[in-house]
Amino acid sequence: VAAVSAPPLDALRADLADIAVADDPGTLRQKSRDFFWFSPILKPQLEDKRAELVAMPRTRDEVIRVAAACARHRVPVTARGGGTGNYGQAVPLEGGVVLDMSGLDRLVAVAPGAARFEAGARLLDIDRALRDRPDVPGRWELRFHPSTRKQATIGGFIAGGAAGCGSCTWGQISDAGAVLALEVVTVEETPRVIELAGDDVRKVLHAYGVNGIITEVDVPLAPWQPWAERVVAFPTLADAARFGYALGASEGIAKKEIGIFDGRIAPFLKRLAPMVPAGNAFAIVMVAEPQGPALADLASTHGGTVAYVRGWQEAEAAAFEGAGDMPPLYEYCWNHTTLHALRIEPDITYLQVRFPAGNEVALVEALEAELGDELLLHLEVQRRFGRVFVSGLPLLRFRSAERMAEIVARIEAGGGAVSNPHSYVLDDAGWKRTDAPQAAFKAMADPHGLMNPGKLKAATAA
Ligand SMILES: Cc1cc2nc3c(=O)[nH]c(=O)nc-3n(C[C@H](O)[C@H](O)[C@H](O)COP(=O)(O)OP(=O)(O)OC[C@H]3O[C@@H](n4cnc5c(N)ncnc54)[C@H](O)[C@@H]3O)c2cc1C
């Protein structure tokens, strides 16, 4: 790992004179980390990586000045949003500058069905801002968001995230139409500002910021619904999984979240645990308020009983104002499940699984029977490509890398696919492929190879 010598950094600082920067050890540590520590493999690899300077621009012009200075002095630069990534995406492997984008947080424009934001806007703040726009006909919201809605930024989600709450209706970030346009700044002596629209957004989508600093994004919106919350208990995990699939396939029921959980996960979700009868599997669901009864009927046909009900006003107040005793239930879903489990049992980690179409429940049952307490299944139901798509973030009681590989092989033998969450290398990120437009765009946008170095294999970066 090449250390950056002091003189270029001093010269770079001089160029940034009136832009907010920090280099105290506490800030450098905090802004050099994300949630890579979910992985026992990544933790030792990334723990000691540090930026040498954190730059905190507030405008596109300031971003351009940081990019120009980094190019001129050949200093690595790693963009950062909320720093909630799970794979060390935002960790500056070669030091240099961390570019904290959270100061660019404005709503640029909103119209019915679409809005444009600066990249550092946090997802919860975006939905708050959309709620408070009586001048725009109708009420709108982001189609989907990760469970880190409170901390994550829209730029970070597009550059490093995948799916989340809302994906059971709207698919995920890599799907056609999920991002309308992006503005990126290149890292050159004279940076360019490039607008990518339509299919061209794929050039920088989920590229970990290796080939452009995203400064603005244009996303489609969904018509808002009064999202109520339910916990539904089931005698078996297979019953819960069948219900999750059936709800995913029920176009008539408007829903925003379908999480399915092994009953042994309940004790990790402390405030939720008392709602789930002992030994029951359960589902966490967000449903449009008027459709609560239809949801209960569907649940009962799969042996389920509604165990907890929160109306939309209370659910929204929990999300927007932190009101009530219980966090928004999506903060028990997606990778928040792993976070809650890790707080209680530090040896737990997770996998990212796609269940085989048509054989989802068969694989669920087989894994449950064979792996006992070692793998606790947590499924997330999505809708993609015109069908229900069952993915999962099962909790894994980690024994060794070798044992984890055996479990991955078992899942694959059953027709599942596993995306490796234990690598910071973009090329290794499972079913994500670094296709040609990204490498070609990098050659143009980052000619000195300074952007988030080390995240692409040399062959891909070349
Ligand atoms: C508890 C927990 C739950 C999670 N749940 C989900 C989930 O439901 N779904 C999901 O998809 N993910 C999830 N994640 C992962 C993560 O929260 C999301 O992917 C989130 O959207 C990342 O946004 P961020 O602003 O924190 O990005 P960061 O972590 O700051 O950055 C992510 C990547 O994007 C790059 N980047 C950031 N901003 C820019 C920019 N402006 N221009 C160019 N590159 C940039 C960074 O360099 C980095 O490579 C979860 C993580 C945790 C810890």
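This is a predicted model: local features need pLDDT of at least 70, side-chain atom pairs count only at pLDDT 80 or more; totals for chains, interfaces and linings use all residues.
A polar contact is a pair of N or O atoms within 3.5 Å; within protein, one must be able to donate a hydrogen and the other to accept it, and residues adjacent in sequence count only if both atoms are side-chain atoms.

Residues are numbered from 1 along each chain as its sequence is written, and side-chain values use heavy atoms, with hydrogens and water left out.

Now the ligand. A polar side-chain atom of threonine 153 sits 2.7 Å from one of its oxygen atoms. Glycine 81 brings a polar backbone atom to 2.7 Å from a ligand oxygen. For glycine 85, a backbone N or O atom is 2.9 Å from a ligand oxygen.

How much of the ligand does the protein bury? Alone, the ligand exposes 980 Å², and the protein buries 97% of that (Shrake-Rupley method, 1.4 Å probe).

Next, the shell. Helix H6, residues 154-160, is one of the elements that give two or more residues to it. H6 supplies the largest share, five residues. Helices here are DSSP runs of H or I, at least four residues, numbered from the N terminus.

Last, helix H4, residues 60-73. Buried residues of H4, under 20% relative accessible area, include Glu62, Val63 and His73. Arginine 74 follows H4, with a positive phi near 55 degrees.

Definitions and conventions. Buried means under 20% relative accessible area, exposed over 50%, partly exposed in between (1.4 Å probe, protein chains only).
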